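Have the sequence and the fold side by side as you read.

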Amino acid sequence: MKKITIILSFVFISIILFGCQQSNDKKLDNEVSYTDKLETQAEVTEGDFTYRLVTEKAEYSENEPIKIYAELEYTGDKGEIEIFHAASPFSFPMVETTRNYEIEYAMDMPLLSKTLVKGEPLRGEYVGSGGYSSEDQNEYQDFMKQIMNKEFPAGYYVVNGIADFDIRVSEGTESEEKYQLEAQVGFSVIN
């Protein structure tokens, strides 16, 4: 009887350890696990452009203003370059990971242009986001009402920042090259 108990205990422990190892392997395969804390600054370079995404603090108090901004810098050979974009080249969609709520970032879609001067970053700040419909659950609606009033409830937020713009390949042509640079930063809101 003792041998059976020892063998069953060994099998049970082996199954538990194997399961833990599988869980760790899956976590390593993910790009970003929302349970991991992200940095407060991220930088991505593609071609002649560098995109930076920053939250000024890793931790904010409830209802404290959240400071997030993005920068786009031209680093190419020309002195300046014209970019084409929607209302802003920057968007700041988020996920609140405690509740697993997505916070959309809507903007008008006119075609605007800006001239970027080499070495002088264009900066855009987060000005608010969110939305809901009458079909959404009451908890979600209440949460979004707070977000829309720039009153972030306690939780952990991942900002999935995007710089989305086009450039003309050469002067006088309609041919365009599209850029969509993405970066992530995270911050906590505490009571």
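What follows is a quick tour of the salt bridges and a charged surface patch.

## Salt bridges

Keep in mind that this is a predicted model. Side chains of opposite charge can pair when their charged atoms come close. Here the count comes to six salt bridges.

Start with K178 and D164, whose side chains pair up at 2.7 Å, N to O. K178 belongs to strand β12 (residues 176-190) and D164 to strand β11 (residues 155-168), so this pair ties together parts that are 14 residues apart in sequence. K178 is exposed, at 53% relative accessible area, while D164 comes out as partly exposed at 28%.

## A network and a buried glutamate

Some bridges share partners, and that joins E43, R52, E71 and E73 into one network. Within it, R52 bridges to E43, with 3.1 Å between the closest N and O atoms. E43 itself is exposed, with a relative accessible area of 54%.

Then there's E96, which meets R99 in a salt bridge at 3.1 Å, N to O. Is E96 buried or exposed? It's buried: E96 has a relative accessible area of 0%.

## The negative patch

Which residues gather in a patch of negative charge on the surface? They are E46, D48, D77 and E177. D77 sits in the loop between β4 (68-74) and β5 (80-85). With a relative accessible area of 80%, D77 counts as exposed, because the cut-off for that label is over 50%.

Notes:
Residues numbered from 1 in each chain as written. Predicted model: local features only at pLDDT ≥ 70, side-chain atom pairs only at ≥ 80, totals over all residues. Heavy atoms only, no water. Patch = residues over 30% accessible without salt bridge, like charges linked within 9 Å, V, L, I, M, F, W, Y side chains within 5 Å. Areas by Shrake-Rupley, 256 points an atom, 1.4 Å probe, with all protein chains shown as cover. Salt bridge = Lys/Arg side-chain N within 4 Å of Asp/Glu carboxyl O. Lys, Arg positive; Asp, Glu negative; His and termini not counted. Charge placed at Lys NZ, Arg CZ, Asp CG, Glu CD. Helix = DSSP H or I, 4+ residues; strand = E, 2+ residues; numbered from the N terminus. Buried < 20%, exposed > 50% of the residue type's maximum accessible area, 1.4 Å probe, protein only.
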